[in-house]
Amino acid sequence: MTTEKKALIKVDGLYKYFGSNRVLKGISTEIDAGEVVVVIGPSGSGKSTFLRCLNLLEEPTYGEVWLENKLVTPVDPYLHPDVIELSKTYQSLFASEKAKSNGRTDEEIKAGLIAKIKAEDLLNEKHEGRAYKSLMKKIYSENYINVNLARQKIGMVFQQFNLFANLSIIDNITLAPMKLLKLRRSEAEQRAKTLLERIGLADKAQAYPSQLSGGQKQRIAIVRALAMNPDVMLFDEPTSALDPEMVGEVLEVMKELAKEGMTMVVVTHEMGFAREVGTRVVFIDEGVIQEENTPVEFFSNPESPRLRDFLSKVL
Amino acid sequence: MKDWFADISAQFKLNFIDGNRWQWLVEGFRTTLIIAFFATILGILIGVLIATIRSTYDKTGESLKKRGGIGVKIFGIADRICKLYLTVIRGTPMVVQLLIMYFIIFKSSTRGTLVAIISFGINSGAYVAEIFRGGIMSVDNGQFEAGRSLGFNYIQTMIYIVIPQMFKIVLPTLCNEFIVLLKETSVAGYVGIRDLTKAGDLIRGRTFSAFMPLIAVALIYLVVVIILTKLVGILERRLRRSDH
Ligand SMILES: Nc1ncnc2c1ncn2[C@@H]1O[C@H](COP(=O)(O)OP(=O)(O)O)[C@@H](O)[C@H]1O
Ligand SMILES: [Mg+2]
C-alpha cells in the first residue's frame with residue numbers, strides 16, 4: 001500500500017457525523033509541502049471540523065487522513081475494494097447475485113456490489129470474518145503512524161488561543177519540546193527565546209497568559225506550535241476572537257511563516273490574507289468542497305452560484 | 001456569686017488539673033489531627049485516581065469503544081469498580097464503615113489510629129473524587145485540546161496541564177474537606193481510639209461531671225474550625241486575585 005504521491009497531507013473520502021448531524025459529507029483533497037491552503041465558507045459549514053479531523057481532534061466517521069504517506073486515522077474498509085471483497089457481506093451478496101446473473105460477467109457484478117456496499121454502508125466489522133479482519137490489520141500495521149507522533153508534526157492554532165493558563169509564557173513554549181522531543185531545558189529555552197525575539201515578545205517570557213493582550217496571546221500560541229518544528233500548521237480562525245486593531249500583528253506573523261515556506265492550512269474570514277498569501281483557496285459548504293482554485297481565479301471567476309453568493313456577502 | 005466561682009474552679013481543677021487530665025485532651029486532640037490529616041491525604045490520592053479514571057472514560061470512552069481491544073475492557077472494568085466504590089461508600093454510614101474496618105477487615109490489627117486513617121481516608125476519597133471530577137470538568141476543554149494537539153498523550157495532558165489547573169480550582173474545597181473530616185473523626189471512639197471526643201468522654205467517666213469536659217471538647221473543635229475556615233477564606237481570595 002505505498003502511495004507514490006508526495007502529498008504532505010492526503011484526505012480521502014472524509015465524512016463526519018455528530019449523531020444525526022451530517023457535518024462533512026465526503027471531502028477528498030491533497031495538500032503539498034509549501035502550500036498555503038485557505039479554507040473559507042459560511043459559519044457552521046464544517047470548516048473547523050475538517051481541520052480538527054486532520055489531527056484527529058475529531059475522529060472521522062468514514063475516510064482516511066494520511067500524513068507524509070502514513071495513515072493517521074483507522075483504516076476505512078470502504079476505500080479498499082480488496083478489503084470489501086474479503087468480507088462475508090460481499091461474498092454472500094456475490095453468491096446470490098451470481099445465481100441470477102442474467103449474463104453479467106463476474107467483473108460487472110463485483111463493480112456493482114462494491115458500489116452498493118459503499119453506498120449503503122453494509123459492512124459490519126464484527127461479522128466480516130477472519131480474512132477481512134487480517135487484511136484490515138495488515139493495511140493498518142504497514143501504514144499507521146501513532147496519533148501523538150503525527151500531532152507533533154502538525155501544529156495547531158486555535159481561535160481561543162488556548163495558552164496553558166498554569167504556565168508562564170516561556171514554559172508554555174518549552175513544555176512540549178522538553179517532554180516530547182527530549183530537548184534539554186537550556187536548548188528548549190534558547191529555541192523559545194529565538195522565537196520570542198522574532199515576534200518581538202522576548203520581554204514577556206516570564207509573564208503569564210492572563211497578563212497578555214489577545215494579539216500577544218495568539219502570536220505566542222503560534223510560536224508554541226512552531227517550537228515543535230512541525231511540518232504543517234493548522235489555523236482555525238486565528239484572528240476571529242481578536243479586537244480589530246490586533247488582527248494585523250497576527251496576520252503579519254502568519255505571512256512571514258508562509259514566506260519561509262511553511263505548509264499551512266488556514267480557516268479564516270480574512271479575504272485579504274487569502275488573496276495575498278494563499279496558494280489555493282477552498283470553499284466548503286454543506287459539508288463538501290464546492291470549489292477550489294488559485295486565489296486569483298477563485299475571487300475573479302467564482303463558478304458555483306453558492307460561492308458567488310457567499311463572496312457577495314463577505315467582500 | 002462567690003460560691004458559684006468556687007464551684008467552677010473546683011470543677012475545673014477536678015476535670016483538668018487533677019491527675020493531669022488536661023493532657024488527655026492534648027493527646028486526644030493530637031490523635032484527631034493525625035487521623036484527619038492523613039485521612040485527607042489518603043482521600044486525595046484515592047480521589048485523584050478515581051476522578052482520572054472516571055473522566056478518562058467519560059472523555060475517551062466513546063472513541064475507545066469503537067476501536068475495541070483489551071484496553072477498553074480494562075478501562076470499562078476500572079470504571080465500574082469506581083462506580084461501585086462510590087455507591088457503597090456514599091450509601092452507608094461512616095460509623096458502620098469504621099466498625100467493619102476495625103472489627104472485620106483489620107480485626108487482628110492493634111493499630112487503631114492507622115485503621116481509622118485508612119477508614120476515614122477511603123470514605124473521604126469517595127467525596128474528594130467527585131470534587132476532583134467537577135474540577136477537571138471545569139477546566140476549559142481548549143486547554144486539553146491544546147495539549148493533545150502538541151502531541152501529548154492523554155495522561156501527559158492531564159498531568160502537565162489539566163490537573164494543576166484543577167487543583168487550583170478545588171484547593172479551597174479540599175481544605176473544607178479537611179475541616180469536615182476533623183469533625184467526622186469524632187466517631188473514632190466507637191472503636192476505642194482516644195481522639196479528642198473520646199478523651200473528653202473518658203474524663204467525664206472518671207470525674208462523673210459532664211459539663212466541663214464536654215464543653216471544653218466542643219470549644220476546641222469550634223475554635224479550630226473557625227480558624228481554619230478563616231484561613232480557607234483568605235486562600236480563596238488569594239487564588240481568585242492571581243489569575244495564574
Ligand atoms: N463536538 C461537536 N458535537 C456536536 N456537534 C458539533 C461538534 N462540533 C461541531 N458540531 C456541529 O458541526 C457543525 C459544523 O461545525 P464547525 O465545523 O464548527 O463549523 P465552522 O467551523 O465551519 O463554523 C455545526 O452544526 C456544529 O454544531
Ligand atoms: Mg469554526
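This is a predicted model: local features need pLDDT of at least 70, side-chain atom pairs count only at pLDDT 80 or more; totals for chains, interfaces and linings use all residues.
**Strand partners in chain A, helices in chain B**

Let's start with one pairing: Tyr15(A) has Lys25(A) in β2(A) as its bridge partner. Chain B comes last, with nine helices and zero strands.

**The sheet around β1(A)**

- Strand β1 of chain A covers residues 9–18, strand β2 of chain A covers residues 21–31, and the two pair in the antiparallel sense over eight bridges.
- Ile9(A) also has a bridge partner in β2(A), and that partner is Ile31(A).
- The β1(A)–β2(A) hairpin has two residues between its strands, and Gly19(A) takes a positive phi near 60° there.
- β1(A) also pairs with strand β4 of chain A (residues 62–67), again in the antiparallel sense, this time over five bridges.
- Tyr15(A) turns up here too, standing opposite Tyr62(A) in β4(A).
- Put together, four strands of chain A make an open sheet, ordered β2-β1-β4-β5 with antiparallel pairing.
- The edges of that sheet are β2 and β5 (70–71) of chain A; each has a single partner strand, so one side of each goes without a neighbour in the sheet.
- As a reminder, strands of a sheet pair through backbone hydrogen bonds, in either a parallel or an antiparallel way.

**Two loop residues with positive phi**

- Asp121(A) is not a glycine, yet its phi is positive, near 50°.
- Its place is the loop of chain A between α4 (106–120) and α5 (129–143).
- Asp121(A) has 36% relative accessibility, so it counts as partly exposed.
- Asn162(A) is another residue other than glycine with a positive phi, near 55°.
- Look for Asn162(A) in the loop that runs between β6 (154–157) and α7 (169–180) of chain A.
- Is Asn162(A) buried or exposed? Asn162(A) is buried, because its relative accessible area is 6% and the cut-off for buried is under 20%.

- Ile289(A) belongs to strand β10 of chain A, which takes in residues 288–293.
- With 22% relative accessibility, Ile289(A) counts as partly exposed.
- Which residues does Ile289(A) contact, leaving aside neighbours within four places in sequence? They are Ile27(A), Ser28(A), Thr29(A), Val282(A), Phe283(A) and Ile284(A).
- Ser134(A) is another story: Ile289(A) and Ser134(A) are 155 residues apart in sequence, and their C-alpha atoms are 34 Å apart in space.

**Chain B as a whole**

- From the N terminus, chain B reads α-α-α-α-α-α-α-α-α.
- The radius of gyration of chain B is 23 Å, well over the 18 Å that the globule rule gives for 244 residues, so chain B is more spread out than a compact globule.
- Its C-alpha trace spans about 80 × 50 × 25 Å along the principal axes.
- Of the 244 residues in chain B, 43% count as buried.
- Among chain B contacts with a separation of 6 or more, 77% come from residues 24 or more positions apart.
- Chain B exposes about 13,300 Å², and carbon and sulfur atoms supply 67% of that area.
- On the charge side, chain B carries 28 positive and 16 negative side chains, with the centres of the two sets 4 Å apart.

Key: Residues are numbered from 1 along each chain as its sequence is written. Chains are lettered from A and ligands numbered from 1 in the order in which they are written. Side-chain values use heavy atoms; hydrogens and water are left out. The radius of gyration is taken over C-alpha atoms; the globule rule is 2.2 Å times the number of residues to the power 0.38. Buried means under 20% relative accessible area, exposed over 50%, partly exposed in between (1.4 Å probe, protein chains only). Contact means heavy atoms within 4.5 Å. Accessible areas come from the Shrake-Rupley method with a 1.4 Å probe; for residues, only the protein chains shown count as cover. Lys and Arg count as positive and Asp and Glu as negative; His and the chain ends are not counted. The place of a charge is taken as NZ of Lys, CZ of Arg, CG of Asp or CD of Glu. Two strands pair if DSSP finds at least two bridges between them.
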